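Visitor: I have the sequence and the model open side by side. Please take me through the arrangement of the chain, one question at a time.

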Amino acid sequence: MQFPFTETKIKHKLFLREFKESVSQDDLIWHLDKEDRIIEVIKSDKWYIQMDNELPKELIEGKKYKIGKLKYHRLIKGSGDLILTLRKLVSTTDMSFFYI
């Protein structure tokens, strides 16, 4: 499976993730993850995160967001690249996502 981002491991359970401006909105699909996560936005220009049954929230640079285990969510593309750090709160050996 190919993901719509590049990812660099910073240290155990901490990753730098980058979504390029050229990514297609069609690739930013609803999905859920196997562990709780905290993301911190490094760079964003009108990118949004939408959680299941909630309105989209703008991703603000410097702000942290929690994504709960098995909670459906998606990104909504903005302008420019989106860069964030992602901390996985529970260890897992399978780094893949579940997609619908």
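**Strands, rings and charges**

Guide: To begin with a charge and a ring: the charged end of lysine 88 sits over the ring of phenylalanine 15, 4.7 Å from the ring centre. The model is a predicted one.

Visitor: Is lysine 88 buried or exposed?
Guide: Lysine 88 is found in strand E9. Its relative accessible area is 4%, and the cut-off for a buried residue is under 20%. Lysine 88 is therefore buried.

Visitor: How far apart in space are lysine 88 and lysine 69, C-alpha to C-alpha?
Guide: In sequence, lysine 88 and lysine 69 are 19 residues apart. In space, their C-alpha to C-alpha distance is 9.9 Å.

Visitor: How many strands does the secondary structure of the protein chain come to?
Guide: From the N terminus on, the elements run β-β-β-β-β-β-β-β-β-β. The chain has 0 helices, and its strands come to 10.

Visitor: Which residue in E2 is the bridge partner of lysine 9?
Guide: E1 and E2 run antiparallel and are joined by 5 bridges. Their hairpin has 2 residues between the strands, and lysine 13 takes a positive phi near 70 degrees in it. The bridge partner of lysine 9 in E2 is phenylalanine 15.

Visitor: Which residue in E9 is the bridge partner of arginine 17?
Guide: Arginine 17 is found in strand E2. Strand E2 (residues 14–19) pairs with strand E9 (residues 79–88) in the antiparallel sense, over 6 bridges. In E9, the partner of arginine 17 is leucine 84.

Visitor: Over which ring does the charged end of arginine 17 sit?
Guide: Arginine 17 has a relative accessible area of 6%, so it counts as buried. Its side chain and that of glutamate 7 are joined by a polar contact of 2.4 Å. The charged end of arginine 17 lies 3.9 Å from the centre of the ring it sits over, that of phenylalanine 5.

Visitor: Are phenylalanine 19 and tryptophan 47 stacked, edge-to-face or tilted?
Guide: The count of aromatic pairs comes to 3. The ring centres of phenylalanine 19 and tryptophan 47 are 6.2 Å apart, with the planes at 50 degrees. Planes under 30 degrees apart would count as stacked and over 60 as edge-to-face. Because the angle of this pair is 50 degrees, the pair is tilted.

Visitor: Which residues form the covered face of strand E8?
Guide: In a regular strand the side chains alternate between the two faces of the sheet. Strand E8 (residues 73–76) has an uncovered face made of Arg74 and Ile76. The covered face is His73 and Leu75.

Visitor: Which residue in E8 is the bridge partner of methionine 51?
Guide: Strand E5 (residues 48–51) pairs with E8 in the antiparallel sense, over 4 bridges. The partner of methionine 51 in E8 is histidine 73.

Visitor: Is lysine 46 buried, exposed or partly exposed?
Guide: Lysine 46 is placed in the loop between strand E4 (37–45) and E5. Its phi is positive, about 65 degrees, although lysine 46 is not a glycine. Most residues other than glycine have a negative phi. With a relative accessible area of 45%, lysine 46 is partly exposed.

Visitor: What is the relative accessibility of asparagine 53?
Guide: Asparagine 53 lies in the loop between E5 and strand E6 (57–58). It too is a residue other than glycine with a positive phi, near 65 degrees. Asparagine 53 counts as exposed, with a relative accessibility of 76%.

How values were computed: Residues are numbered from 1 along each chain as its sequence is written. This is a predicted model: local features need pLDDT of at least 70, side-chain atom pairs count only at pLDDT 80 or more; totals for chains, interfaces and linings use all residues. Side-chain values use heavy atoms; hydrogens and water are left out. Two strands pair if DSSP finds at least two bridges between them. Buried means under 20% relative accessible area, exposed over 50%, partly exposed in between (1.4 Å probe, protein chains only). A polar contact is a pair of N or O atoms within 3.5 Å; within protein, one must be able to donate a hydrogen and the other to accept it, and residues adjacent in sequence count only if both atoms are side-chain atoms. Rings of Phe, Tyr and Trp (its six-membered ring) pair if their centres lie within 6.5 Å; planes under 30 degrees apart count as stacked, over 60 as edge-to-face and the rest as tilted. A charge sits over a ring if NZ of Lys or CZ of Arg is within 6 Å of the ring centre and within 35 degrees of the ring normal.
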